[in-house]
Amino acid sequence: MPKLDRRQPLHFIGAGGIGMSALAGILAERGFMVSGSDPRPSPVLERLGSAGVQVFQEQTAATITAVLAGLDGTMADPLVVISSAVPAANEELAEARRRGLSIVHRSDVLAALINAQPSIAVAGSHGKTTTSTLIATLLEAVGEDPTAVIGGIVPAFGSNGRHGKGRLLVAEADESDGSLVKFTPSLGVLTNVELDHTDHYPNLAALVATLQHFASGCTTLLANRDCPVLREHFQAASWWSTCSSEDVDFAAIPLEERGDGTLATWYEHGKALGTLEVPLPGRHNLSNTVAAMAACRLEGVPFEDLRRAVAGLRPPGRRFDCRGLWQNRAIVDDYAHHPSEVAATIAMARLMVESGRSPLPLVPRRLVAVFQPHRYTRTAQFLDDFAAALTEADVVLLAPLYAAGEAPMEGISSQALAESVLSLAPDLTVAVAASMEALAELVAGGTGPGDLVLAMGAGDVNSLWDRLGALDERGRPTALVA
């Protein structure tokens with residue numbers, strides 16, 4: 001684990017990444033000399049520049065030379081920080097190695113921050129970003145001024161990273177590469193466990209073992225009693241539920257589930273303390289909210305303060321993120337890329353259609369699911385599960401599979417997924433786009449006013465909004481569906 005010292009600068013290769021940028025910004029605000037490189041201009045890099053981070057646009061040997069040339073005689077050689085997304089052949093990384101610079105993974109820097117102060121780390125297969133966002137938002141709302149390192153944009157902060165002066169640090173602990181075993185937070189939160197990241201974990205047992213290692217390093221563990229894998233394989237100090245108030249420490253039992261939120265009764269140790277108006281629809285979001293409130297209660301925040309703060313909760317970026325209205329269709333962007341996430345997101349959207357209540361600019365009349373499979377390994381593992389989840393939409397439009405650097409696998413494609421969907425729901429309208437440009441055309445021609453167009457995936461399907469705007473700029477006619 002690196003010892004962070006203000007006499008040693010830090011240089012982030014790929015500083016614009018969602019996890020890297022949060023760390024770079026926080027360290028800069030804490031008085032460290034920070035630089036970074038990223039060839040892709042973005043608002044995130046602009047924010048880093050405003051925080052005092054020197055950003056280079058090229059990832060070449062010359063960047064390392066420039067970083068070293070900028071040091072005075074009182075500074076140590078920089079600590080070079082990389083993520084799993086930086087390939088071994090990266091020219092800038094190779095030059096850092098050639099010059100003998102110390103190189104660490106971003107998880108090592110995050111571990112140094114988590115382990116240095118009272119901290120809350122959120123792990124699990126689904127809901128990590130949302131739950132950590134909600135915890136940080138609640139703590140800020142009640143005056144705790146937390147530091148936050150989160151894998152999504154927190155609406156209350158306008159950023160994925162925040163340097164606070166309060167006692168607590170809130171972090172998302174990503175299990176995808178196993179690096180979370182380095183973290184020893186004072187409070188660990190486990191949202192749920194399902195097999196995913198099959199490029200790293202050969203089976204569920206391997207994932208469970210990694211999360212058990214993480215749990216053993218937490219001073220206190222808070223876990224979701226509604227998850228059967230957590231119940232069977234983990235010993236938590238505190239449990240939460242949205243299904244029952246018995247035998248759990250914290251629970252929120254729904255009284256009314258609507259398309260624009262949930263009314264629930266809050267329980268602690270089986271005793272009802274009052275009702276909550278949760279402004280985030282969906283049972284999964286209720287569970288995320290319970291986890292966030294429970295974490296705050298374990299840190300001593302009064303229930304009444306939290307009940308008032310809950311009204312201001314908003315999800316992080318790319319979690320049912322309404323980009324706006326296009327031709328009177330609501331275009332929503334969501335990061336769902338696992339079958340359970342797709343099913344939960346579609347169920348939430350379906351609730352809006354059926355309840356006639358919605359936080360969107362319109363109450364949708366129909367649900368159009370736009371899905372981009374992510375990785376060949378994940379798609380192969382869960383092809384039939386994805387298909388089953390997608391059958392709950394009124395129309396399914398599929399983007400080309402996003403490889404994320406993986407080699408193609410025979411028989412695994414968006415077309416194969418379409419065939420699986422149709423085998424389960426032969427009357428469902430399903431179409432496959434050959435390109436992202438063709439996907440925008442499909443949305444334009446296959447949807448109509450009042451539709452909720454739900455774009456899901458972890459690849460570049462989030463570019464749909466911009467591509468629809470480009471159709472307007474070109475003056476392409478829109479074939480409306482009644």
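Two strands pair if DSSP finds at least two bridges between them; helices (H or I, at least four residues) and strands (E, at least two) are DSSP runs, numbered from the N terminus. The model is predicted, so local features need pLDDT of at least 70 and side-chain atom pairs pLDDT 80 or more, while totals for chains, interfaces and linings use all residues. Residues are numbered from 1 along each chain as its sequence is written, and side-chain values use heavy atoms, without hydrogens and water.

**Exercise 1.** Determine the order of the six strands in the open sheet.

Solution. Step one: the order reads β16-β17-β21-β18-β19-β20, with mixed pairing. Step two: β16 (321-326) and β20 (429-432) are the edge strands, each pairing on one side only. Step three: β16 and β17 (residues 329-334) run antiparallel and are joined by five bridges. In this region Trp326 stands opposite Arg329 of β17.

**Exercise 2.** Identify which strands helix α15 lies across.

Solution. Contact means heavy atoms within 4.5 Å; axes are lines fitted to C-alpha atoms, for helices over the stretch in contact, and angles run from 0 to 180 degrees between N-to-C directions. Helix α15 (residues 464-474) lies across β16, β17 and β21, at about 15° to β16.
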